[in-house]
Amino acid sequence: MFDIEITGTGRYVPENKVTNHDLAALVDTSDEWITQMTGIKERRISLGEDTTEMAVQASLKAIEDAGLRPEEIDLIILATVTPTYYFPSAACLVQTRLGAGQATSFDISAGCTGFIYALNIAAQFIKCGTYKTALVVGAEVLSKITDWSDRKTCVLFADGAGAAVLQRGKAGIIASFTGADGRGADYLYCHGVPFGNQLVPVKDTQPHYTVMNGREVFKFAVNIMPESILKVLEGSGFTLNDIKYFIPHQANIRIIDSAAKKLKVDRDRFYVNIDKYGNTSSASIPIALDEMSRKGQLLPGDLIVVTGFGAGLTYGAHLIKWTKANY
Ligand code: ACO
């Protein structure tokens, strides 16, 4: 069994900012409503870059940050619900764009918990010795599956990518936990291609947009986030007090506030950047990690918990000791 550490991070968000005021010109909403109900002030929306392109940009930064060459990567796992194609996987497209040799490459779909799941899978491969160096990416262009006339969803979702390099090394990833409850699949989904073929005509022409029961997702999230944090700490020998930062999926400021309150943890120990980026699904956690690392907020020896929830419904968390030297 080998120990695993995060040795590099990177992020990429489109240049184009869309403010709440911009959205208020599009649908019946207001800056006040969006800010109060979600914590979002602005988000980045792609003007053309797709998931693969953004994933490549974030990955290049993460690989450089780790001090590696792309050909040293032997595993690429890309979490996304908005791949460029159904197939080939975005991971394969990223592999060739990076020049990452023959790295085993595949995508996973776990909604906004995608990065948490992907990190877990990569960690297992490294732990058991199959691979030495993994690139884990969360990349989304949610704007292309958003109904821009639906005020209940279009104010939430955004585009971006984040990446992390995992290597055999120090004991960085201490504990991991993932789970799912498919009974909640109807609360958050986006249709695929409707059934139909030469024998059976297409009956249904569902739009390919995100459909969300916000209330139900909210109820699920406020319970599962604190539960996931406690679960990943269980048996680790560490308590809430030992954790410097909790880095949650950025879906709604009220969900984060509620988790902090339930756990009786100072809210300042929960990292928040939803005001700038909105909900970027599987990209939100690696974007936050990279931002914190480059700002010098994460120092060697710091204990952090990353935690997510999302479509599936899925959830999970990792307890991580930061081992990367400061900038
Ligand atoms: N602007 C103004 N009014 C709005 C808007 C808007 N953008 N959206 C909804 N409203 C109105 C509704 O029409 C409704 O009005 P009505 O009472 O006259 O019918 C009222 O506000 C309340 O609507 P709800 O949908 O019930 O509002 P709710 O209190 O549930 O808040 C929200 C909505 C913010 C989306 C909340 O449900 C939420 O955050 N849920 C979790 C969503 C989430 O986290 N999603 C992603 C998680 S997983 C992932 O990241 C993919």
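Leu 313 sits in the loop between β12 and β13. Helices (H or I, at least four residues) and strands (E, at least two) are DSSP runs, numbered from the N terminus. This is a predicted model, in which local features need pLDDT of at least 70 and side-chain atom pairs count only at pLDDT 80 or more, while totals for chains, interfaces and linings use all residues. Residues are numbered from 1 along each chain as its sequence is written, and side-chain values use heavy atoms, with hydrogens and water left out.

**The four-stranded sheet**

- Four strands make up an open sheet with mixed pairing, in the order β8-β13-β12-β11.
- The edge strands are β8 (173-180) and β11 (245-248). Each has a single partner strand, so one side of each has no neighbour in the sheet.
- From one strand to the next, the twist averages 10 degrees.
- Two strands pair if DSSP finds at least two bridges between them. β11 and β12 (residues 303-310) pair in the parallel sense, over four bridges.
- Ile 247 stands opposite Val 306 in β12.
- Helix α7 (residues 214-233) lies across β8, β11, β12 and β13 (314-321). α7 runs at about 145 degrees to β12. Axes here are lines fitted to C-alpha atoms, for helices over the stretch in contact, and angles run from 0 to 180 degrees between N-to-C directions.
- Strands of a sheet pair through backbone hydrogen bonds, either parallel or antiparallel.

- Strand β4 (residues 75-79) is mostly covered, with five of its five residues buried. Buried means under 20% relative accessible area, exposed over 50%, and partly exposed in between (1.4 Å probe, protein chains only).
- Leu 75, Ile 77 and Ala 79 point one way from β4. Ile 76 and Leu 78 point the other way, and all are buried.
- β4 runs parallel to strand β5 (residues 104-108), and five bridges join them.
- Ile 77 has Phe 106 of β5 as its bridge partner.

**Helix α10**

- Helix α10 (residues 284-295) has 12 residues. From its first C-alpha to its last it reaches 16 Å, close to the 16 Å expected at 1.5 Å a residue. That expected span is 1.5 Å times one less than the number of residues.
- In α10, 10 of the 12 residues are buried, so the helix is largely enclosed by the rest of the structure.
- Among the buried residues of α10 are Ile 285, Leu 289, Asp 290, Glu 291 and Met 292.

**Around the ligand**

- Of the 23 residues around the ligand, Thr 29, Cys 112, Arg 151, Asn 252 and Asn 279 come nearest. A residue is near a molecule or strand if one of its heavy atoms lies within 4 Å of it.
- An N or O atom in the side chain of Asn 252 is 2.5 Å from an oxygen atom of the ligand.
- For Asn 279, an N or O atom in the side chain is 2.6 Å from an oxygen atom of the ligand.
- Gly 214 has a backbone N or O atom that lies 3.0 Å from a nitrogen atom of the ligand.

**Ser 281**

- Ser 281 is placed in the loop between α9 (274-277) and α10. Its relative accessible area is 2%, so Ser 281 is buried.
- Ser 281 has a positive phi of about 55 degrees although it is not a glycine.
- The side chains of Ser 281 and Glu 140 make a polar contact (3.4 Å). A polar contact is a pair of N or O atoms within 3.5 Å; within protein, one must be able to donate a hydrogen and the other to accept it, and residues adjacent in sequence count only if both atoms are side-chain atoms.
- Not counting residues up to four places away in sequence, Ser 281 touches Val 81, Gly 111, Cys 112, Glu 140, Leu 142 and His 249. Contact means heavy atoms within 4.5 Å.

**Other loop residues**

- Lys 264 lies in the loop between α8 (253-263) and α9. Lys 264 is exposed, with a relative accessible area of 77%.
- Lys 264 has a positive phi of about 55 degrees although it is not a glycine.
- Pro 88 is in the loop between β4 and α4 (90-98). The peptide bond from Phe 87 to Pro 88 is cis, with omega near 0 degrees.
- Cys 128 is in the loop between α5 (114-127) and β6 (133-141). Cys 128 counts as exposed, at 52% relative accessibility.
- Cys 128 and Met 1 are 127 residues apart along the chain, yet 5.3 Å separates their C-alpha atoms.
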